[in-house]
Amino acid sequence: MTTRIGRPAWIKELVLLVALAACDASMTIAQPSPGSPEQHPVIPEAPMPADAHPSFEIATIKPSRPDDTKGGFQVGGHRLLIQNQSVNDLLSFAYAIHQKQIVDGPSWLDTQKFDIVGQADIDGYANLRQIQEMLQKLLATRFNLRFHQEKRELSIYAITVAKGGPKLTKHTEASNGLPTQSGSPSSGGRRFTNNTMSDFALGMQAFLDRPVVDQTGLDGRFDFVLTWTPDDSNTDSPNPAPASSPRFRSNSA
């Protein structure tokens, strides 16, 4: 079953901007020792209390290898592994903003990439909000982040529900797990599991040229696959996925 759930729309509205003061580039760099617990995480079965406000009890930070082509975030219980991410990447994830909403910072925020291994000071699975809170605290204490907020006009992509309504598969398993997003944008496909529409919008910001805003009004968590034809792709398919308006495919297809 294939359906559209809204064409990304070009609109303009006032959005919240984060302006960075010049950050102190110096910080404590700790090297993880061989055989340290973060290399073999034990995943707790229980979620962290929903009202908990965790911090990093331990966090090791080191520059990424220049030839490292992989990157991303991995969660194993109350441990978090961040690979080959810039400070701008961390800011975008921690504050749910697009990188175009980060202005007036030093150039190294985008060019220097880091590997981070951290452990929360509270046992259990951290939810997305708690991981963002931990990163916000880490940015303040280890990267000396200082910022202020202001409003500016900015073009965005808006996710809306198409005529006929949504036809997505509800996620039916326990909702304690984190949302997952996998797949390569260059391949024209990406799988989303246990995602709210806000989770989906946050994840897509990494691949699009401006902020993505959820305007669907849809509650709950969904499983779906997003497919598209990359702009530079040559295809002989008689019915290729569109380049300008991604197509959603239900996992129950």
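Modeller: Ready, and definitions come first: two strands pair if DSSP finds at least two bridges between them. The elements themselves are DSSP runs numbered from the N terminus, with helices being H or I over at least four residues and strands being E over at least two. Leu 80 stands opposite Gly 118 in β7. As for the ground rules, this is a predicted model in which local features need pLDDT of at least 70 and side-chain atom pairs count only at pLDDT 80 or more, while totals for chains, interfaces and linings use all residues. Residues are numbered from 1 along each chain as its sequence is written, and side-chain values use heavy atoms, leaving out hydrogens and water.

Biologist: How do you know that β5 and β7 pair?

Modeller: Count the bridges: β5 (residues 79-86) and β7 (residues 113-120) are joined by six, in the antiparallel sense. The cut-off is at least two, so β5 and β7 qualify as a pair.

Biologist: And which strands make up the open sheet?

Modeller: The order is β3-β7-β5-β4, four strands with antiparallel pairing. β3 (56-63) and β4 (72-76) each have a single partner strand, so one side of each has no neighbour in the sheet and they stand at the edges. On average, neighbouring strands are turned by 10° against each other, direction ignored.

Biologist: What packs on that sheet, and which strands does helix α1 touch?

Modeller: Helix α1 (residues 87-95) packs there, touching β4, β5 and β7, and its direction makes about 130° with that of β5. Touching is contact, meaning heavy atoms within 4.5 Å. Helix α3 (residues 128-142) lies across β3, β4, β5 and β7 and runs at about 65° to β3.

Biologist: How are two packed helices described?

Modeller: By the angle between their axes and the distance between the axes. Here the axes of α1 and α3 come within 8 Å and cross at roughly 135°.

Biologist: What makes α1 oblique to α3?

Modeller: Set the angle against the classes: under 35 degrees is roughly parallel, over 145 roughly antiparallel, 65 to 115 roughly perpendicular, and the rest oblique. The roughly 135° crossing belongs to the rest, so α1 is oblique to α3. Axes, by the way, are lines fitted to C-alpha atoms, for helices over the stretch in contact, with angles running from 0 to 180 degrees between N-to-C directions.

Biologist: Which residues make the contact?

Modeller: From α1, Val 87, Leu 90, Leu 91, Phe 93, Ala 94 and Tyr 95; from α3, Leu 128, Ile 131, Gln 132, Leu 135, Gln 136 and Leu 139. They divide into ten nonpolar, two polar and no charged. In this scheme Ala, Val, Leu, Ile, Met, Phe, Trp, Tyr, Cys and Pro are nonpolar, Asp, Glu, Lys and Arg charged, and the others, Gly among them, polar.

Biologist: Why is α1 described as largely enclosed by the rest of the structure?

Modeller: Because eight of its nine residues are buried. Buried means under 20% relative accessible area, exposed over 50%, and partly exposed in between (1.4 Å probe, protein chains only). Among the buried ones in α1 are Asn 88, Asp 89 and Ser 92.

Biologist: How do you know that Ile 102 is buried?

Modeller: Its relative accessible area is 12%, and the limit is under 20%, so Ile 102 counts as buried. Ile 102 belongs to strand β6 (residues 102-103).

Biologist: Which way does Asn 84 go, buried or exposed?

Modeller: Buried, because its relative accessibility is 9%. Asn 84 lies in β5 and also has a positive phi, near 55°. Most residues other than glycine have a negative phi.

Biologist: What makes α4 mostly covered?

Modeller: Seven of the eight residues of α4 (residues 197-204) are buried, including Met 197, Phe 200 and Leu 202. Strand β11 (residues 189-195) is mostly covered too, with five of seven buried. Five bridges join β11 to β13 (residues 222-227), antiparallel, and Arg 190 has Leu 226 as its bridge partner in β13.
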